[in-house]
Amino acid sequence: MSHTTFARRALAGMAVLALALMGLLVGSNQFGDGSYAPKLGLDLEGGTQIILEPRVTGNREVSPEQIAQARDIIVQRVDAGGVAGAEVTTQGGRNIVVSMPGTPSKSTEDAIRRSSQLQFRPVLAIAAGSPQPAPTGSASPSPSAPASPGASGTATPSASPSASVPSANPASPSATNNSAIPGALTTGTTSPSPSATPSASPSAAPSPSPSPSPSGSASTPAAGDPLSLEQITPELTAQFTALNCAEDGALDDLVDDDSKPMVTCDADGAAKYILGPVVVSGDKISDATAGYQVGPNGQQTSRVEIQLNLNDEGAEQYADVSKKMVVLQQPQNQLAATLDSRVIVAPSFNEAILDGNASITGGFTIDEARDLAQQLKFGALPISFDLQTREQISPTLGSEQLRYGLYAGLVGLLLVVLYSLAQYRMLGLVTVASIVAAGLLTYLAITILGWSHNYRLDMAGVTGLIVAIGFTADSFIVYFERIRDELREGRSLESAVATGWNRAKRTILIADGVNFLAAIVLYVLASSSVRGFAFTLGLTTLLDILIVFLFTHPLVTLLARLPFFRDGHRWSGLDPQKLGAVKKTSYAGRGRVTTRPPRVAGGEGSPS
């Protein structure tokens with residue numbers, strides 16, 4: 001492929017990239033909630049400040065270590081949504097102050113202060129979320145009364161993604177259309193006969209019928225085992241019977257103790273449960289990712305799932321409990337996943353799980369699944385928080401400082417343009433065109449990132465953009481000076497462009513690599529106020545490489561074929577005489593004297 005063909009294809013590729021970004025920006029405005037202007041940060045636009053107060057019961061005290069740990073987790077949750085420039089501080093060693101740009105949604109506020117501790121608890125009993133009238137007048141639901149909302153078993157998603165609830169038959173509360181945690185948990189298994197199933201409304205001292213184990217022997221959890229029904233005390237029975245999940249604040253007084261059984265509801269209040277103690281805690285989750293489930297044929301489906309990876313200790317605990325539960329009957333073979341003390345899914349086992357990989361699917365959207373995965377990944381707050389105050393705050397710097405910053409950028413840009421024209425004459429226009437192209441791509445990238453990843457441009461980010469002008473100009477200067485050096489050696493312009501580029505691109509890549517490494521270190525180690533600078537520095541460094549390789553060099557390659565530049569016009573900036581190109585005199589034989597450029601290995605002018 002000739003240099004000219006490559007140059008044309010590179011310029012065409014750059015044009016396609018720019019048009020694609022423009023189309024994405026227009027589409028985000030026409031079909032989404034995008035904007036044609038970049039989003040501004042807290043210091044330039046203002047935003048919302050919320051103060052979170054720890055929720056304590058009785059005489060409990062909140063320690064400074066708990067507040068510090070909660071603040072670190074909230075910082076991770078806020079930053080997970082993008083480089084938004086939010087600030088998280090403590091107040092009086094007790095409250096946590098979160099300042100976010102713009103007006104965050106209620107779901108965002110809830111996600112920040114939510115405990116988000118995913119726990120795995122065994123199901124001991126299950127019934128409908130609201131009390132059902134019994135024909136005998138008893139408070140316990142009769143076998144003929146429906147114990148769950150419907151046969152479909154699919155709950156409507158709420159702020160916390162809800163999951164499917166068990167079967168409508170109280171005598172056989174099997175999981176219906178529930179997700180697997182992990183895939184070996186059955187969905188819609190065949191229910192055992194009512195005579196072999198514990199009652200949905202437990203008695204003071206239930207005695208479950210023994211269930212056959214694979215070896216043919218009966219398997220009943222021993223006293224003290226988290227799976228044992230002997231944990232269901234009369235107090236739990238009364239609490240379970242009286243609980244009405246449809247009432248507002250039904251779980252406000254719930255005490256979630258990991259080592260004790262509890263009575264709770266599912267996420268939408270359609271079913272209520274008696275759950276045993278925690279058998280696998282949420283801090284054993286090493287990673288959580290959200291995406292679309294892959295079907296048995298390897299094709300991606302429309303079903304949203306959250307993939308959980310447990311650490312070694314969690315995997316061992318999960319394997320142990322799954323081996324015990326797989327031989328039990330309904331509902332004792334169901335393992336409930338609770339989030340903030342509510343059941344989000346409670347499917348049953350059909351085989352033991354030994355690898356520590358879990359999967360949660362349910363009635364939530366991909367955005368809800370991603371939010372939940374982020375909360376689970378970054379950990380649970382050591383304490384729960386209530387919203388104390390919420391108020392709008394004004395920008396700390398304001399539009400005047402932004403205007404001054406833009407003025408500084410324009411002055412710097414003007415100085416670079418004037419220097420380029422003075423030093424390189426018409427070749428300096430390539431610098432101007434390259435800076436304009438880099439500015440266009442930077443604007444498109446920042447604006448699209450504001451729509452897709454909630455990126456907000458603060459004053460530190462504006463500073464990074466201004467500094468990037470100098471970095472971009474450095475790349476052009478290195479390239480142009482290499483071309484001039486080759487012309488001084490006596491090469492033709494086309495040869496000088498090709499040879500100069502081979503030498504200049506190494507220097508450009510090394511310089512940009514150092515800048516990008518510095519941006520990564522700043523972004524990882526610095527506070528949120530400096531991350532904006534680090535982000536724009538890294539972004540513009542990548543765009544500089546893109547512009548030099550796909551715009552500047554191809555453009556110079558095509559210009560080198562034009563007579564104005566090829567013949568070294570005095571205003572082209574590439575006049576060999578003005579550059580001081582040296583010609584050497586040599587003896588050619590038979591009384592003739594010729595001039596030729598100095599010998600350059602592999603270049604023009606070397607003797608054949």
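Just after helix H9 (428–452), Asn 454 takes a positive phi of about 60°. Helices here are DSSP runs of H or I with at least four residues, strands are runs of E with at least two, and both are numbered from the N terminus. The model is predicted, so local features need pLDDT of at least 70 and side-chain atom pairs count only at pLDDT 80 or more, while totals for chains, interfaces and linings use all residues. Residues are numbered from 1 along each chain as its sequence is written, and side-chain values use heavy atoms, with hydrogens and water left out.

**Two helices and their ends**

The expected span of a helix is 1.5 Å times one less than its number of residues. H9 has 25 residues and should span 36 Å; its end C-alpha atoms are 36 Å apart, which agrees. H10 has 30 residues and reaches 44 Å from its first C-alpha to its last, close to the 44 Å expected. Gly 490 follows H10 and has a positive phi, near 100°.

**The nonpolar cores**

A nonpolar core is a set of buried Ala, Val, Leu, Ile, Met, Phe, Trp, Tyr and Cys residues joined through side-chain atoms within 4.5 Å. Buried means under 20% relative accessible area, exposed means over 50%, and partly exposed lies in between (1.4 Å probe, protein chains only). In soluble globular proteins, nonpolar side chains tend to be buried together.

The largest nonpolar core has 42 residues, and Tyr 479, Phe 480, Ile 483, Leu 493 and Ile 547 have the most contacts inside it. At least two residues of this core come from each of H1 (3–31), H8 (399–424), H9 (428–452), H10 (459–488), H11 (493–525) and H12 (528–559). H10 supplies the largest share, nine residues. A second, separate core has 30 residues, among them Val 280, Ala 337, Ile 353 and Ile 360.

Contact means heavy atoms within 4.5 Å. Leaving aside neighbours within four places in sequence, Phe 480 is in contact with Tyr 424, Leu 427, Val 430, Thr 431 and Val 556.

**Aromatic pairs**

Rings of Phe, Tyr and Trp (its six-membered ring) pair if their centres lie within 6.5 Å; planes under 30 degrees apart count as stacked, over 60 as edge-to-face and the rest as tilted. The whole structure holds seven aromatic pairs. Two of edge-to-face form are set out below.

| Pair | Centre to centre | Angle between planes |
|---|---|---|
| Tyr 424 and Phe 480 | 5.2 Å | 70° |
| Trp 501 and Phe 549 | 5.0 Å | 75° |

Tyr 424 in H8 and Phe 480 in H10 are 56 residues apart, and their pair links distant parts of the chain. Tyr 424 counts as buried because its relative accessibility is 1%, and Phe 480 is likewise buried, at 0%. Trp 501 lies in H11 and Phe 549 in H12, so their pair ties together parts that are 48 residues apart in sequence. Trp 501 is buried, at 7% relative accessibility, whereas Phe 549 is partly exposed, at 24%. Ring pairs link Tyr 424, Tyr 479, Phe 480, Trp 501 and Phe 549 into a cluster.

**A lysine in a loop**

Lys 284 is found in the loop between strand S9 (271–275) and strand S10 (285–294). Lys 284 is buried, with a relative accessible area of 10%. Not counting residues up to four places away in sequence, Lys 284 touches Asn 309, Leu 310, Asn 311, Glu 313, Gly 314 and Gln 317.
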